[in-house]
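Hi,

Here is the structure I promised to pass on. Please have a look at it first; my notes on it follow below.

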Amino acid sequence: HITIVDTTDPYFEIESSETTIPCNASILIATPVAFDNCDEEVEVVPSSETIPGECPGEYTEIFTFTAYDNCDNSAVVTITVHHVDNEAPVLSNIPF
């Protein structure tokens, strides 16, 4: 009698990453696909957190994706997006 036990975590084909974009820009984060050596249908559970920045309009979004196989092995990948105000103000309607 032989028993096979799955102790190998699922895996993502992407790595955790971090990027910075202007505060008025938006970015679409798609849920990544995870793979496993024994489970053909790995469950990926997304979550997100928004952290306010130091200036109005600045913030950081942290997108976390946790993959679970059918033996409760897991893997995590995180995508961090910093929204920053890197543009100087523009003066308008200045009387001469």
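In this predicted model, Y11, V33 and F35 together make a nonpolar surface patch of about 280 Å². F35 belongs to strand β3, which covers residues 34–35, and its relative accessible area of 31% makes F35 partly exposed.

A disulfide is a covalent bond between the sulfur atoms of two cysteines. The sulfur of C38 has its closest cysteine sulfur in C71, 6.7 Å away, so the two are too far apart for a bond; the cut-off is 2.5 Å. C38 is partly exposed at 48% relative accessible area, and C71 also counts as partly exposed, at 43%.

Then there is strand β5, residues 59–68, which is mostly covered, with 7 of its 10 residues buried. What does β5 pair with? One partner is strand β4 (residues 43–52), antiparallel to β5 over 10 bridges. Within that pairing, E49 stands opposite I62 of β5. The hairpin of β4 and β5 has 6 residues between the strands, and G57 there takes a positive phi near 90°.

Strand β6 (residues 74–84) is also joined to β5, by 10 bridges and in the antiparallel sense. Here E61 is found opposite V81 of β6. β5 and β6 form a hairpin too, with 5 residues between them, and D72 in the turn has a positive phi of about 65°.

Happy to talk any of this through.

Best wishes

Conventions
Residues are numbered from 1 along each chain as its sequence is written. This is a predicted model: local features need pLDDT of at least 70, side-chain atom pairs count only at pLDDT 80 or more; totals for chains, interfaces and linings use all residues. Side-chain values use heavy atoms; hydrogens and water are left out. Patches are made of residues with over 30% relative accessible area and no salt bridge: like charges are joined within 9 Å, nonpolar side chains (Val, Leu, Ile, Met, Phe, Trp, Tyr) within 5 Å. Accessible areas come from the Shrake-Rupley method with a 1.4 Å probe; for residues, only the protein chains shown count as cover. A salt bridge is a side-chain nitrogen of Lys or Arg within 4 Å of a carboxyl oxygen of Asp or Glu. Helices (H or I, at least four residues) and strands (E, at least two) are DSSP runs, numbered from the N terminus. Buried means under 20% relative accessible area, exposed over 50%, partly exposed in between (1.4 Å probe, protein chains only). Two strands pair if DSSP finds at least two bridges between them.
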